[in-house]
Amino acid sequence: MTTDTTLELRATRVLPATPEQVFDAYTDAEKQKIWFSILDEEPGVVEIEVDLRVGGQQTAVWGPDRENLFRETQTFLVIDRPHRLVTESTGSSPDGMTMTTQVEVTFEAEGDGTRMSVVQTGFPSVEMRDFFAEHAWVGAFDRIEAYLARA
């Protein structure tokens, strides 16, 4: 399967915290472990390790149980705390499908909060891009927002 680098998604949400707090919630393993499952009724599997340095990696494994796990490894390409983060992300689903994309996340102060914006490129299909735009990033924003509201 070839990857079309023109397939891009853009997503944004204003979150109730400072850029530093949002950046840290997005990149700190212990904080991620909380927000990954904060909206779930049943605790599933969430394992995250982060080596936050250029060339370092974040590895996340999550799912409802050990037999149905999603995996993602992000390699940090640019880290400009608390303003910008660029990663190469390789993920796989429980059915074995994999894809690699580039993700740029920016954090800009806006009023009393932070505008977190995502540009993700390199999707293998329009359907996959649309799934990430309509579900994956909406869910991530919802979870991070719930975490920040409780922190």
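Guide: First, a term for helix packing: axes are lines fitted to C-alpha atoms, for helices over the stretch in contact, and angles run from 0 to 180 degrees between N-to-C directions. Also, this is a predicted model.

Visitor: OK. At what angle do α1 and α3 pack?
Guide: About 120°, and their axes are 11 Å apart. The crossing is right-handed.

Visitor: Which residues make that contact?
Guide: From α1, Gln 21, Val 22, Ala 25 and Tyr 26. From α3, Trp 137, Ile 144, Tyr 147 and Leu 148.

Visitor: And by class, what's in there?
Guide: The contact of α1 with α3 has 7 nonpolar residues, 1 polar and no charged ones.

Visitor: Switching to the sheet. What's the strand order?
Guide: β1-β7-β6-β5-β4-β3-β2. The sheet is open, has 7 strands and pairs antiparallel. Its edge strands are β1 and β2, the latter spanning 45-50; each pairs on one side only. On average, neighbouring strands are turned by 20° against each other, direction ignored.

Visitor: How many bridges join β3 to β4?
Guide: 6. β3 covers residues 57-63 and β4 covers residues 70-80. Among the residues involved, Trp 62 has Phe 70 of β4 as its bridge partner.

Visitor: Where does α2 pack?
Guide: On the sheet, touching β2 and β3. The direction of α2 makes about 155° with that of β2.

Visitor: And which strands does α3 lie across?
Guide: β1, β6 and β7. α3 runs at about 20° to β1.

Visitor: Now the core. How many residues are in the largest nonpolar one?
Guide: 33. Those with the most contacts inside it are Tyr 26, Phe 107, Met 116, Trp 137 and Leu 148. β1, α1, α2, β6, β7 and α3 each supply at least two residues. The largest share, 9 residues, comes from α3.

Visitor: Last one: Gly 139. Where is it found?
Guide: In helix α3.

Visitor: Why is Gly 139 called partly exposed?
Guide: Because its relative accessible area is 22%, and buried means under 20%, exposed over 50%.

Visitor: What separates its C-alpha from that of Ile 79?
Guide: 23 Å, with Gly 139 and Ile 79 lying 60 residues apart along the chain.

Notes
Residues are numbered from 1 along each chain as its sequence is written. This is a predicted model: local features need pLDDT of at least 70, side-chain atom pairs count only at pLDDT 80 or more; totals for chains, interfaces and linings use all residues. Side-chain values use heavy atoms; hydrogens and water are left out. A nonpolar core is a set of buried Ala, Val, Leu, Ile, Met, Phe, Trp, Tyr and Cys residues joined through side-chain atoms within 4.5 Å. Buried means under 20% relative accessible area, exposed over 50%, partly exposed in between (1.4 Å probe, protein chains only). Helices (H or I, at least four residues) and strands (E, at least two) are DSSP runs, numbered from the N terminus. Two strands pair if DSSP finds at least two bridges between them. Contact means heavy atoms within 4.5 Å. A crossing is left-handed if the near helix is turned anticlockwise from the far one by less than a right angle, and right-handed if clockwise. Ala, Val, Leu, Ile, Met, Phe, Trp, Tyr, Cys and Pro count as nonpolar, Asp, Glu, Lys and Arg as charged, and the others, Gly among them, as polar.
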